[in-house]
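This report covers a single protein chain.

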Amino acid sequence: MQENDTEYMREKMAEYRKELEPLVRYLPWLEQATDKTASSVYRGNGLDSPNALAVPVYDATLMSFIKEATASAFMDRNYLYVYTRKSIKSPEDERRLIESADYKSWDVLCGILSNYVLGGRTRAILWSQGASERIFYLCVSKMLQIVTEWNAERNLK
């Protein structure tokens, strides 16, 4: 790696670390999150008819995480391209790719995270699924691990 490449990566890792800070504080909650803790369904007061509209109600912590993640530089509006390129079909595929990710595949982590955060705007189930399938937890913790290890390998702060 040339000196220019090292300087560029140093800057990128510093940017990533700064962007990760707001998301990292949610890791303890995300680690414990389940489908039941992430969301519930509101059916109204005494509205048990089959025509009643069920409205998902999300945990305040999950919604705060979604808001922070949406505002981060990690959101990739072309996340579907990552899914096509990597042939991602299931949460197992996502977990496998997250586990094997390194700094060279940062775009894959961003694509998976974006699928759940941005995709949840139109498919509400994705937000609670991202928490219950541990995708949010795995993505953020893997990103933190990559940044921390990259800096440690080069004795950087």
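At what angle do helix H4 and helix H8 pack, and how far apart are their axes?

## Basis

This is a predicted model, in which local features need pLDDT of at least 70 and side-chain atom pairs count only at pLDDT 80 or more, while totals for chains, interfaces and linings use all residues. Residues are numbered from 1 along each chain as its sequence is written, and side-chain values use heavy atoms, with hydrogens and water left out.

## Packing of H4 and H8

Helix H4 (residues 60-71) packs against helix H8 (residues 125-132) at about 100°, and their axes lie 11 Å apart. The two helices are therefore roughly perpendicular (65 to 115 degrees).

In contact (heavy atoms within 4.5 Å), Leu62, Met63 and Ile66 of H4 meet Trp127, Ser128 and Ala131 of H8. By class, five of these residues are nonpolar, one is polar and none is charged.

## Helix H7

H7 spans residues 106-119, 14 residues in total. From first to last C-alpha it reaches 19 Å, close to the 20 Å expected at 1.5 Å a residue.

## The chain

The chain holds nine helices and two strands, in the order α-α-α-β-β-α-α-α-α-α-α from the N terminus. Of its 157 residues, 39% count as buried. Among contacts with a separation of 6 or more, 70% come from residues 24 or more positions apart.

How values were computed
Helix = DSSP H or I, 4+ residues; strand = E, 2+ residues; numbered from the N terminus. Expected span 1.5 Å × (residues − 1). Axes fitted to C-alpha atoms, helices over the stretch in contact; angles between N-to-C directions. Parallel < 35°, antiparallel > 145°, perpendicular 65-115°, else oblique. Nonpolar A, V, L, I, M, F, W, Y, C, P; charged D, E, K, R; others polar. Buried < 20%, exposed > 50% of the residue type's maximum accessible area, 1.4 Å probe, protein only.
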